[in-house]
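This report looks at how parts of one chain are joined.

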Amino acid sequence: MCNYTIIAKLIPWNLFDENMQNFLPIEMKKHLTTININLKLSIENKITSMKWTKDSLILIEACLDKTWEALNSGHWQSVPVEYRYCYTLCTILKTVLLEFQYYNNIEEFSKNIILLKDIIQQIDKGILLGAPLPNIPDLLPKIARELNNYITKSTEILDLKKLNIDSKNSYDFILPGFIEVTQYIEPSMELFYKEIFMPKIPAILKDCIKHWKALKQWKDLKYLINMAGNRLVPIEIGSRYTDENWSQQLLNFSEFLQKYILTKNDQVGYLAQHQLFEQIPELKDDFTIPEYCNFTDNDDVKYPDINVWFGPSGTVSPLHFDPKNNFLCQVFGYKRIILYHPNDSSNLYPYDTRLLNNTAQVDPLNPNYEKWPNFIKARGLMTYLKPGEMLYIPPKWWHHVTSLTSSFSVSFWWS
């Protein structure tokens, strides 16, 4: 394999070939396998054919379009996984071909910032829509990290304004009719298990994540731009997902920062419930999984689902419940959380649709007692989540979350 490539040398081609043989839909296998064979021969022999490269890119684009149609027809969970693998494989071939166009001058390729950014966005689509290849699951994030390094070496990071987070308010006032959530300072494993986890009681845990590098580093927007600025992320547009005008967009992370975090916008943009650390694994170095996650309800310790929640003041997660244990950890900013016991479910009037049956129709901050008369029977808890704090939310406990300032949270879901 030639040493004058960036992307191609990162690919373990023998493992890649196994995926090509095992995971492609039959209607695309012949075309993509042929491109793969010719591409490797071209790189090994240092032979460039711009016409073949252009024709191959057109064919791969057609395969991506066809795969995208398959991924977006019907419910996501019912899409055959071979189409998600296909999207990943097509993405890898496409990025190598885009690099191959500059094969005779790799220095020119590495300094072509516009092209590098475009390739990184192609890779992010592969991560978001595809599936990690079983024998090389970290390949796409690894390629994106390598290309991002070339960009950050060649460009100056934007002179960003600092986040304006109002910490003057104490955020301690409990609204009338609510009970304050119990707080603990660095509870022992035994105490957490006996007093919180087993009885399934919400609790604020202080000083448990004070060692996280994220608490300091993620407030530095230059650091976030350096790590994620060129990456494509899914943004929810609208203050809450139950609104009629709610939508989703794929945006460059830098654009998301400038448009929705650093400037006032009539619309709310929210990076919500996204597995950012699967997309950008290097950010995992900035935090650790709470040890309390080792307690389980089924004697089967599994790696938790880790999501980020990053948005401006005014983002709202409507009253809803999740089926798993949840730690909501606050990196910066302030949130108000209202909670209700699962026994209050009938008083909260859940939607009767399959997609929203875990979401209440009631707004606990502005209840309509004429429309939802039984809500008056519900007994709510309330707390404020502050930087460096964790909130334990037991399974099926209803919770309503409001960002009072710009806010970055990390959640850990586990069974």
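In this predicted model, a salt bridge joins the side chains of Glu282 and Arg145, with 3.7 Å from N to O. The two residues are 137 positions apart and tie together distant parts of the chain. Glu282 sits in the loop between helix H12 (276-279) and strand E7 (305-311), whereas Arg145 belongs to helix H7. A search of the whole structure gives twelve salt bridges.

The domain assignment divides the chain into domain 1, residues 13-154, and domain 2, residues 179-414. Their contact draws on 14 residues from domain 1 and 14 residues from domain 2. Between the C-alpha centres of domain 1 and domain 2 the distance is 34 Å.

The size of an interface is often expressed as the accessible area that is lost when the parts come together. For domain 1 and domain 2 the buried area is about 1200 Å², and carbon and sulfur atoms account for 55% of it. The table lists counts for this interface.

| Item between domain 1 and domain 2 | Value |
|---|---|
| Salt bridges across the interface | two salt bridges |
| Polar contacts, both residues at pLDDT 80 or more | five residue pairs |

On the side of domain 1 that touches domain 2, the elements giving two or more residues are helix H6 (113-129) and helix H7 (139-154). Of the elements on that side, H6 gives the most, with seven residues. By class, the residues on the side of domain 1 that touches domain 2 are six nonpolar, four polar and four charged.

A further annotation comes from a sequence record. In an unreviewed entry, UniProt lists residues 278-415 as "domain: JmjC". Over residues 278-415 the chain is 36% strand and 1% helix. The C-alpha atoms at the ends of that stretch are 20 Å apart.

Which residue does the side chain of Arg145 meet in a salt bridge? The partner is Glu282, at 3.7 Å from N to O.

Definitions and conventions
Residues numbered from 1 in each chain as written. Predicted model: local features only at pLDDT ≥ 70, side-chain atom pairs only at ≥ 80, totals over all residues. Heavy atoms only, no water. UniProt positions renumbered as here; feature names shortened; annotations may be inferred. Helix = DSSP H or I, 4+ residues; strand = E, 2+ residues; numbered from the N terminus. Domains from an automatic or database assignment. Contact = heavy atoms within 4.5 Å. Buried area = accessible area lost by both parts, 1.4 Å probe. Salt bridge = Lys/Arg side-chain N within 4 Å of Asp/Glu carboxyl O. Polar contact = N/O pair within 3.5 Å; in protein donor to acceptor, adjacent residues only side chain to side chain. Nonpolar A, V, L, I, M, F, W, Y, C, P; charged D, E, K, R; others polar.
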